Amino acid sequence: MTGKHFSYIPLFFASLLLMAACTKNKDYSVPTPKNELQNDCIKRSLGPNIVGLNIEFAYAIAIPASKGKLVSAQVVASIPGLQIKAGDLPNSATYLQDSSFYTNGSGVDVPVGVGTRSVTKEGVNVTTFTKDTNAVTLRYFYRIPEEARGKTVKFTFSATSSNGETVTYEMGPYTIAKMDMKLNLIPTNNDKCYLSIADMALYNATEAAANPGKIDLVYLYRSLSVQFGHALVAPAAPKDYLPGVTLPANVNRDTKLSKAWNVQDFHLAGLKYGTTFVDDPDFEKLDMSTSPDFALGLKEEAGVWVETGDGKYRAYIFINKVDNTGQSARISIKRYTLK
């Protein structure tokens with residue numbers, strides 16, 4: 001798992017504060033600001049970069065008022081980001097935001113429109129400034145496309161000013177994760193209880209009988225005198241771990257499971273803040289050679305590591321919620337393809 005801390009201080013202001021702090025050192029003097037167009041950039045998003053999610057940046061540009069004003073800004077991605085399609089929400093694709101932000105006294109980021117909605121052409125996102133401005137911080141959202149899976153992507157930010165100056169800033173390369181993710185599946189006892197890791201989908205008995213080679217786990221809830229509760233069990237597990245279950249024909253795969261505590265993955269848990277992420281290397285180093293084929297007594301905010309019987313997939317299943325009355329659960333999955 002990986003984790004980082006993020007500081008959201010406007011870039012130029014951060015630089016100025018750092019300069020001021022350093023004045024306590026007698027050997028240091030505050031440098032003279034450059035009398036020209038300047039830029040800087042930080043990556044805002046944390047954790048592994050997953051296909052379908054955003055990588056987010058804050059791009060800051062400034063020029064002294066006596067030298068001119070900002071004209072345009074653009075970003076070029078080495079692999080073009082996902083573009084909007086008919087019916088998509090406006091913010092569901094790659095774009096450079098047309099607003100700059102400041103943080104008010106309550107700590108709320110307030111947008112101020114400074115330009116046109118970015119135009120995307122051949123992998124280039126361009127914003128043209130419509131207001132006379134000398135300093136902005138724009139946000140750039142790169143929606144990771146399928147073409148980038150398992151590869152690296154880098155970005156070239158650039159800006160121009162009315163006096164003809166141009167600046168550029170390179171970011172990356174960043175590795176795009178191989179794994180997939182599926183959120184908020186609802187397994188139900190004796191109904192949608194057959195889970196396929198290959199499809200990251202749930203089936204009922206009829207559907208499972210039609211796809212026996214895809215069924216890796218059975219979800220069941222049992223209120224017994226011994227601990228059982230909410231469970232995930234391989235179809236090939238001993239019948240004692242599948243009480244009252246009549247498996248569909250040919251549903252017989254064996255799957256290894258290992259319960260995990262305190263792995264509240266930020267993506268799967270749906271937390272507002274968090275620094276814990278399940279990433280590709282976690283699946284690669286996992287050793288499940290001695291793991292059992294059942295996991296009983298599952299609790300909310302716990303998880304289960306999984307390896308399919310054919311050795312093709314490893315997965316981490318996070319338990320978002322359990323419902324004893326409804327005899328169901330809500331789960332989210334990260335899946336890594338081994339071969």
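**Strands, cores and aromatic pairs**

Good morning. I begin with strand E2, residues 54-62, which is mostly covered: 8 of its 9 residues are buried. Please keep in mind that the model before you is predicted.

Strand E2 has two partners to consider. With strand E1, residues 38-43, E2 pairs in the antiparallel sense over 6 bridges, and aspartate 40 stands opposite alanine 60 there. With strand E9, residues 135-143, E2 pairs in the antiparallel sense over 9 bridges; in that pairing isoleucine 55 faces tyrosine 142.

Let us turn to the aromatic residues. The count of aromatic pairs comes to 15. In one of these, the rings of tyrosine 59 and phenylalanine 157 have centres 5.0 Å apart and planes at 40°, so the pair is tilted. Because tyrosine 59 belongs to strand E2 and phenylalanine 157 to strand E10, residues 152-161, this pair ties together parts that are 98 residues apart in sequence. Are these two residues buried or exposed? Tyrosine 59 counts as buried, at 0% relative accessibility, and phenylalanine 157 likewise counts as buried, at 0%. Both rings are members of one aromatic cluster, which also includes Phe57, Tyr140, Tyr142, Phe155 and Tyr174.

A further pair joins phenylalanine 283 and tyrosine 336; this one is stacked, with 5.8 Å from centre to centre and 10° between the planes. Phenylalanine 283 lies in helix H4, residues 280-284, and tyrosine 336 in strand E21, so parts 53 residues apart in sequence are tied together. Tyrosine 336, at 5% relative accessibility, counts as buried.

Strand E21 leads us to a sheet. Here 5 strands form an open, antiparallel sheet in the order E12-E21-E20-E19-E17. Its edge strands are E12 (180-185) and E17 (256-260), each pairing on one side only. On average, neighbouring strands are turned by 20° against each other, direction ignored. Within the sheet, E20 (residues 313-323) and E21 (residues 328-337) pair over 10 bridges, and arginine 314 stands opposite tyrosine 336.

Finally, the cores. The largest nonpolar core has 38 residues, and those with the most contacts inside it are Tyr194, Leu195, Leu220, Val306 and Ile317. Several strands each supply at least two residues of this core, among them E19, E20 and E21. Valine 306 touches, among others, Leu217, Leu257, Met288 and Ile317. Apart from this core lies another, of 29 residues, including Ile55, Ile61, Phe157 and Ala159.

Thank you for your attention.

Note on methods. Residues numbered from 1 in each chain as written. Predicted model: local features only at pLDDT ≥ 70, side-chain atom pairs only at ≥ 80, totals over all residues. Heavy atoms only, no water. Pairing = 2+ DSSP bridges. Helix = DSSP H or I, 4+ residues; strand = E, 2+ residues; numbered from the N terminus. Axes fitted to C-alpha atoms, helices over the stretch in contact; angles between N-to-C directions. Buried < 20%, exposed > 50% of the residue type's maximum accessible area, 1.4 Å probe, protein only. Core = buried A, V, L, I, M, F, W, Y, C linked by side-chain atoms within 4.5 Å. Contact = heavy atoms within 4.5 Å. Phe/Tyr/Trp six-rings, centres within 6.5 Å; stacked < 30°, edge-to-face > 60°. Lists of a residue's contacts leave out its neighbours within four places in sequence.
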